[in-house]
Amino acid sequence: MEKYETQREFMKSSFGRGAESDQNRGLAQPPLQKPRGQKAETIELPLFGEDLIVESNVFRCIAERRSRRDFKDEALALAELSYLLWATQGVQEIKGDNYATLRPVPSGGARHAYETYLALGSVEGLQKGLYRYLPIEHSLLFLYQENNLAEKIKGAAGGQDFAGKAAVNFIWACLPYRGEWRYAESSHKVMLLDAGHIGQALYLACQSLGLGNCALAAYDQQRMDELIQVDGKDEFTVYMSAVGRV
Ligand SMILES: Cc1cc2nc3c(=O)[nH]c(=O)nc-3n(C[C@H](O)[C@H](O)[C@H](O)COP(=O)(O)O)c2cc1C
């Protein structure tokens with residue numbers, strides 16, 4: 001038996017071969033956005049305009065994109081963070097009766113199975129700590145304060161130093177049932193493909209602001225899930241990216 005047979009099979013399409021989905025069985029759809037729970041403190045995100053953009057030429061943004069890990073010790077403006085959140089997961093339209101959201105990134109079946117967490121070290125006007133983006137309201141939910149954030153994030157990022165030095169780390173956690181509800185066992189590959197789009201959108205948005213970022217998949221699953229306070233079962237980290245001034 002091939003050593004990686006199961007993993008290779010997972011990379012292939014299983015559409016048309018799977019079991020009936022919960023959607024087809026008429027089961028209720030999961031919410032488009034994770035409920036905010038007990039956390040009541042929300043922070044409005046400012047509007048952003050084209051004045052923020054330092055490179056509006058798409059060709060140059062694509063041609064000059066690189067992973068950058070050498071961050072300056074300088075804060076991001078809140079408007080810059082607001083733009084990066086919108087560009088990666090902002091909600092532009094809700095379709096049907098809360099059936100789907102349309103966002104600047106595509107998603108298979110418009111399921112958008114990710115929530116965005118921020119391990120936020122240095123953004124003007126915000127205290128260090130953990131936050132969650134509320135894409136429908138375009139605001140931030142404050143989760144908890146963490147003064148030792150740089151060490152914590154470095155540890156959870158598998159010891160990668162640049163993550164600890166970033167102004168902010170975007171952490172994308174998947175809620176798999178959002179995809180499973182519609183596509184059953186064909187959903188998991190699709191949800192991973194979605195994460196790549198989110199990551200690339202962040203690269204290009206950072207490029208347009210003159211910021212740097214680096215994708216990160218070599219993190220410690222348990223420590224990262226603990227840091228963002230998710231259960232690791234119905235919600236877990238899949239991908240992240242460190243952002244800072246360069
Ligand atoms: C899915 C994915 C995961 C990555 N994980 C890491 C990581 O954990 N640590 C890191 O330093 N770079 C990581 N990178 C960045 C790659 O090393 C980088 O994209 C590659 O070396 C090519 O360089 P470039 O992005 O500058 O073109 C990752 C990139 C992708 C797309």
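This is a predicted model: local features need pLDDT of at least 70, side-chain atom pairs count only at pLDDT 80 or more; totals for chains, interfaces and linings use all residues.
Local features were taken only at pLDDT of at least 70 and side-chain atom pairs only at pLDDT 80 or more, while totals for chains, interfaces and linings use all residues. Residues are numbered from 1 along each chain as its sequence is written. Helices (H or I, at least four residues) and strands (E, at least two) are DSSP runs, numbered from the N terminus. A residue is termed buried if 20 or more other C-beta atoms lie within 10 Å of its own, exposed if 12 or fewer, and partly exposed in between, with C-beta atoms placed from the backbone.

A nonpolar core is a set of buried Ala, Val, Leu, Ile, Met, Phe, Trp, Tyr and Cys residues joined through C-beta atoms within 7 Å. The largest such core has 60 residues. Those with the most contacts inside it are Leu-84, Ala-119, Val-168, Ile-171, Trp-172, Ala-173 and Val-243. Helix 7 (residues 187-209) gives the largest share of this core, eight residues.

Contact here means C-beta atoms, placed from the backbone, within 7 Å. Leaving aside neighbours within four places in sequence, Ile-171 is in contact with Tyr-117, Ala-119, Met-224, Ile-228, Thr-237 and Met-240. Met-240 is also the bridge partner of Ile-171 in strand 9.

Strand 9 (residues 236-245) has eight of its 10 residues buried, so it is largely enclosed by the rest of the structure. Two strands are said to pair if DSSP finds at least two bridges between them. Strand 9 pairs with strand 7 in the antiparallel sense, over seven bridges. Strand 8 (residues 211-216) also runs antiparallel to strand 9, joined to it by six bridges. Within that pairing, Cys-214 has Ala-242 as its bridge partner in strand 9.

Cys-214 belongs to the ligand shell as well. By class, the shell divides into five nonpolar residues, two polar and one charged. In this scheme Ala, Val, Leu, Ile, Met, Phe, Trp, Tyr, Cys and Pro count as nonpolar, Asp, Glu, Lys and Arg as charged, and the others, Gly among them, as polar.

Strand 6 (residues 139-145) has two antiparallel partners. Strand 1 (residues 42-44) pairs with strand 6 over three bridges, and Ile-43 stands opposite Leu-140. Strand 5 is joined to strand 6 by six bridges, with Arg-132 opposite Leu-141. Strands 5 and 6 form a hairpin with four residues between them. His-138, in the turn, has a positive phi of about 50°.

Tyr-131 lies in strand 5. Tyr-131 is buried, with 27 other C-beta atoms within 10 Å. The C-alpha atoms of Tyr-131 and Phe-142 are separated by 4.6 Å, although these residues are 11 apart along the chain. Beyond four places in sequence, the contacts of Tyr-131 are Tyr-117, Leu-118, Leu-120, Leu-140, Leu-141, Phe-142 and Leu-143.

In helix 4 (residues 149-156), Leu-149, Ile-153 and Ala-156 are buried. Seen down the axis of helix 4, these buried residues fall within an arc of 65°, so they line one face of the helix. The arc is that of the directions from the helix axis to the C-beta atoms. An α-helix has 3.6 residues a turn, so residues three or four places apart point the same way. The cover over the buried residues of helix 4 includes strand 4 (114-120), strand 5 (129-134), helix 5 (161-165), strand 7 (168-174) and helix 8 (221-227). Just after helix 4, Gly-158 takes a positive phi of about 65°.

Asp-161 is found in helix 5. Asp-161 is exposed, with 10 other C-beta atoms within 10 Å.

Most residues other than glycine have a negative phi. Asn-98 is not a glycine, yet has a positive phi of about 55°. Asn-98 lies in the loop between strand 2 (93-95) and strand 3 (100-102) and counts as exposed, with 12 C-beta neighbours inside 10 Å. Ala-110 likewise has a positive phi, of about 50°. Ala-110 sits in the loop between strand 3 and strand 4. With 16 C-beta neighbours inside 10 Å, Ala-110 counts as partly exposed.

Definitions and conventions
A residue is near a molecule or strand if its C-beta atom, placed from the backbone, lies within 6 Å of it. Two residues are in contact if their C-beta atoms, placed from the backbone, lie within 7 Å.
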